[in-house]
Every structure is written in structure tokens, then in C-alpha cells.
Amino acid sequence: MAQPRILLTRIDDRFIYGQDVELWNEAVGSNLVLIVNDEIAADSRRWAPMRVAAPEGVWTRFFSVQRAIDIIHTAGPRQLILIMVASPADALALVKGGVPITKISIGHMQTGEGKRSVTPAVAIDDADVAALRELQKLGIELEIRYLPSSTPDPIQLVIGCSYSFVNRQGYSR
């Protein structure tokens, strides 16, 4: 069984949003954007806006985490895949399920109850930190990067420092 050609996995809870996906698609050269999220996969009414926002000539598919794990190894050699997930937990589930992910770029994780801002676009809670630390222990390269042309923020902002250090750096709310 051939390995799927996963060019990049991106954590961005907006999934396909504005010009971001066009820029990332152009940077990595994907022809398939795979949205992996249980809620999105179960609600086909949410697919149309994302399909319209995808770059011309790029296919979009919407899978649950388990469906992605079950089907990823059937990808053909011409499928150049950009995986989009909403959370570190979904990315970790894919890796533990055998999806051959080597690099994850963190782009946007919205604020919410129990979350703390570590950069202007990334808010985390303890479960996110634990999942990211586990991904790093599994050998996955992690970065925080908003656009392909932007300089990555150090992943230590998320997984390698205490909340009080993050506060002193001015990234919290």
C-alpha cells in the first residue's frame, strides 16, 4: 500500500477561510484539501461555502476523524493532500490512527471558555497543550504560522512555557 502524499496538516478552526487556503495551497502545491472534523463531516449544509472558497481546480472532501483514518491510505499518487483540522486533539487522533503526518502548522484557534491567548490568533487550553506535546514526542514537526510568507512564532509559546511567562510576553488577553 502506497503512502498518501500529505504535504501539510494545518490546525485552523476556520478551515477554508478567505485567501488563507489559496495562499497555503499555492505554497504547498496541493490539489486536495481534506477537511477532517466530525461536526463538519456530519453536516453537509456547511460544505458549500467551503467548496466555493477553495481555489479553482482544488478538490475538497469532508471526513470525520475515523473516516480519514480508514480511507487515507487509498489516496492515489496524484492526490497532493492538505489536511485541515480544527484542533490539536483531531491532529493527534489522526497520527495515532496511522495517518502519516510529519508536519503541522498551527494557524488559528479561537478563544473560548478556559482558553488563553498565546498569540493574536491562537488560544489554547490544557488539553491543547497536552495534545501538542504528545505530537511533538511522536516526532511531528510543529510550527505556529499564519500565512506561508509569515515568520513562524516559536512553538514554545504553546507547549514549552508556563502561562505566567506567556502573560509577561504580552500575548494573553
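This is a predicted model: local features need pLDDT of at least 70, side-chain atom pairs count only at pLDDT 80 or more; totals for chains, interfaces and linings use all residues.

After the helix comes Gly98, a residue whose phi is positive, near 100°.

Helix H1 spans residues 20-28, and Asp20, Val21, Trp24 and Asn25 are buried within it. Because these residues cover an arc of only 125° around the axis, they lie on the same side of H1. The elements against which the buried residues of H1 pack are strand E1 (5-12), strand E2 (32-36), helix H3 (47-53), strand E4 (80-85), strand E5 (103-108) and strand E8 (141-144). H1, too, is followed by a glycine, Gly29, and the phi of Gly29 is positive, near 80°.

Helix H1 also contains Val28. Is Val28 buried or exposed, or does Val28 fall in between? With a relative accessible area of 26%, Val28 is partly exposed, since a residue has to be under 20% to be called buried and over 50% to be called exposed. If residues up to four places away in sequence are left out of the count, Val28 touches Leu7 and Leu8. By contrast, Gln156, which is 128 residues apart from Val28 along the chain, has its C-alpha atom separated from that of Val28 by 24 Å.

We can now turn to the protein as a whole, which has eight helices and eight strands. Its radius of gyration is 16 Å, close to the 16 Å that the globule rule gives for 173 residues, so the protein is as compact as a globular protein of that length. Along the principal axes, the C-alpha trace spans about 45 × 30 × 30 Å. Buried residues account for 48% of the 173 residues, and of the contacts between residues at least 6 apart in sequence, 71% join residues at least 24 apart.

Finally, there is the surface and the charge. The accessible surface of the protein comes to about 8900 Å², and carbon and sulfur atoms make up 49% of that area. The protein carries 18 positive and 19 negative charges, and the mean positions of these two groups are 3 Å apart.

Methods:
Residues are numbered from 1 along each chain as its sequence is written. Side-chain values use heavy atoms; hydrogens and water are left out. Helices (H or I, at least four residues) and strands (E, at least two) are DSSP runs, numbered from the N terminus. The radius of gyration is taken over C-alpha atoms; the globule rule is 2.2 Å times the number of residues to the power 0.38. Buried means under 20% relative accessible area, exposed over 50%, partly exposed in between (1.4 Å probe, protein chains only). Contact means heavy atoms within 4.5 Å. Accessible areas come from the Shrake-Rupley method with a 1.4 Å probe; for residues, only the protein chains shown count as cover. Lys and Arg count as positive and Asp and Glu as negative; His and the chain ends are not counted. The place of a charge is taken as NZ of Lys, CZ of Arg, CG of Asp or CD of Glu. The arc is that of the directions from the helix axis to the C-beta atoms.
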